[in-house]
Amino acid sequence: MATSGKPPSLSLQVIRCRAAVAWAVGKPLSLEEVEVAPPKAREVRVKIVATGICRTDDHVIEGSFLDIDFPIIPGHEGAGIVESIGEGVTSVKPGDKVILFGLPQCGECCFCKNPDSNYCLKSHLSVSQCLLPDKTSRFTCRGKQIHHFLWISTFAEYTVVPEFTLAKIDAAAPLDKVCLLACGFSTGYGAAINTAKVKPGSTCAVFGLGGVGLSVVMGCKAAGASRIIGVDINKEKFARAKELGATECISPGDFKKPVQEVLTEMTGYGVDYSFEVIGTADTMTAALASCNMNTGVCVVVGVLPTGSVVPIDPLLFLSGRTCKGTLIGGWKMRDSIPKLVSSYLEKKFNSDLLITHTLPFAKINEGFELLHTGKSIRTVLLY
Ligand code: COD
Ligand code: ZN
Ligand code: ZN
């Protein structure tokens, strides 16, 4: 890292460091030297220590989301150490270990004030986060302004984020492990615990056994489900799913009939809870039809490309089925994730089992290749 200018204190300096820039849709990430401006009021500059690669980053690079502005620095599963703070920041100080969140908690909007919701109105679905709240960027590269992703852009050695997108965590937390609690683990685990509120003794089906789906499996197990059926086209995911709590795993390709019929036959009238953790229209339809017609609850975790529509037979709802969505597992991020980190330290769950690969930051494209070929569950990049 090098610095420029002659400011009176380190916190006012521009930092030059490495970042992975997506210059245009469909292009591989390019490792670049970027300038990271100091934090403005109520912003925090963080030295990223570790970040996971999530499928959503891949969706961004491939252009599945229309509201993403390029060039952009993706990454949203990061943990690091506060380097400097802007005016008015009170919740963290330089040296604190922090987790960064793709879903903020501003604490002021109606949904932050409602104890039952976590969809903060400062989230990307309400306000584009491709620039910071003052509508400017802190990143430049080769003279060009680079956009932020979800206000946190963790594929950079240093990033600047609004204070409401991070939280201080226990100083004992290993950042190379708990970074997964920023997104993948919390999304899946919370989908089972908070959104579905899985009951002890119940039957669950989890469509998709990637990092997020396996976290759903862990959540179902922690909630006391007696039967957890994993569904994936890649049978190589089955061993890890069983290790984490799946009682059975099936591959749709092994059956002539639709997988919802297979699950209904396996369970009598369908499962109590089904989870769609893939992000295709077909698997959303199948997951909804797999839960029982009376009290069955289907939780949709996956997202389709902007503008997609899922055809649903309304008869599926007539007898009482429920279909719900979830955003990062329903957690109020700043309140909940530091507590989840403490639970991790108390060994209440083992999210480390999701980490199949650890790579230096410079090998980020290798990490995406492992995701594309289905070889990894989670790759953690170390900076
Ligand atoms: N049938 C069964 N399994 C399938 C099928 C299919 N038709 N297609 C793919 N799969 C399996 C794959 O083999 C793979 O094992 C799994 O589905 C998907 O896993 P990953 O590793 O690709 O993805 P994850 O677990 O990192 O992320 C899955 C999401 C659904 C969360 C992601 O794709 C997504 O839609 N993210 C946006 C929504 C969201 O809540 N995001 C919060 C976190 S960013
Ligand atoms: Zn994610
Ligand atoms: Zn809010």
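How are the donor residues of the zinc ion, ligand 2, spaced in sequence? The pattern is C-x21-H-x106-C. Keep in mind that this is a predicted model.

Cys54 coordinates through SG, His76 through NE2 and Cys183 through SG. The distances run from 2.1 to 2.3 Å. The site of the zinc ion has four donor atoms, with angles of 97 to 129 degrees among them. That makes the site tetrahedral.

Histidine 76 is in the loop between strand E5 (72-73) and strand E6 (78-85). Cysteine 183 is in the loop between helix H3 (175-178) and helix H4 (184-196). They are 107 residues apart, so the pair links distant parts of the chain. Buried or exposed, at a relative accessible area of 4% for histidine 76? Histidine 76 is buried. Cysteine 183 counts as buried too, at 6%.

On to ligand 1. There are 24 residues around it. Arg55, Thr56, Asp232, Val303 and Arg378 come nearest. The shell divides into 10 nonpolar, 10 polar and four charged residues.

Two helices to point at: H1 (55-62) and H5 (211-222) each supply at least two shell residues. H1 gives the most, with three.

Next, polar contacts to oxygen atoms of ligand 1. Aspartate 232 has a polar side-chain atom 2.6 Å from one. For histidine 59, a polar side-chain atom lies at 3.2 Å. Glycine 211 uses a polar backbone atom, at 3.2 Å. On its own, ligand 1 has 910 Å² of accessible area, and the protein covers 87% of that.

Key. Residues numbered from 1 in each chain as written. Chains lettered and ligands numbered in written order. Predicted model: local features only at pLDDT ≥ 70, side-chain atom pairs only at ≥ 80, totals over all residues. Heavy atoms only, no water. Near = heavy atom within 4 Å. Polar contact = N/O pair within 3.5 Å; in protein donor to acceptor, adjacent residues only side chain to side chain. Areas by Shrake-Rupley, 256 points an atom, 1.4 Å probe, with all protein chains shown as cover. Helix = DSSP H or I, 4+ residues; strand = E, 2+ residues; numbered from the N terminus. Nonpolar A, V, L, I, M, F, W, Y, C, P; charged D, E, K, R; others polar. Donors = N, O, S within 2.8 Å, 3.2 Å for Na, K, Ca; no water. Tetrahedral: all angles 85-135°; square planar, octahedral: opposite > 155°, others 65-115°. Buried < 20%, exposed > 50% of the residue type's maximum accessible area, 1.4 Å probe, protein only.
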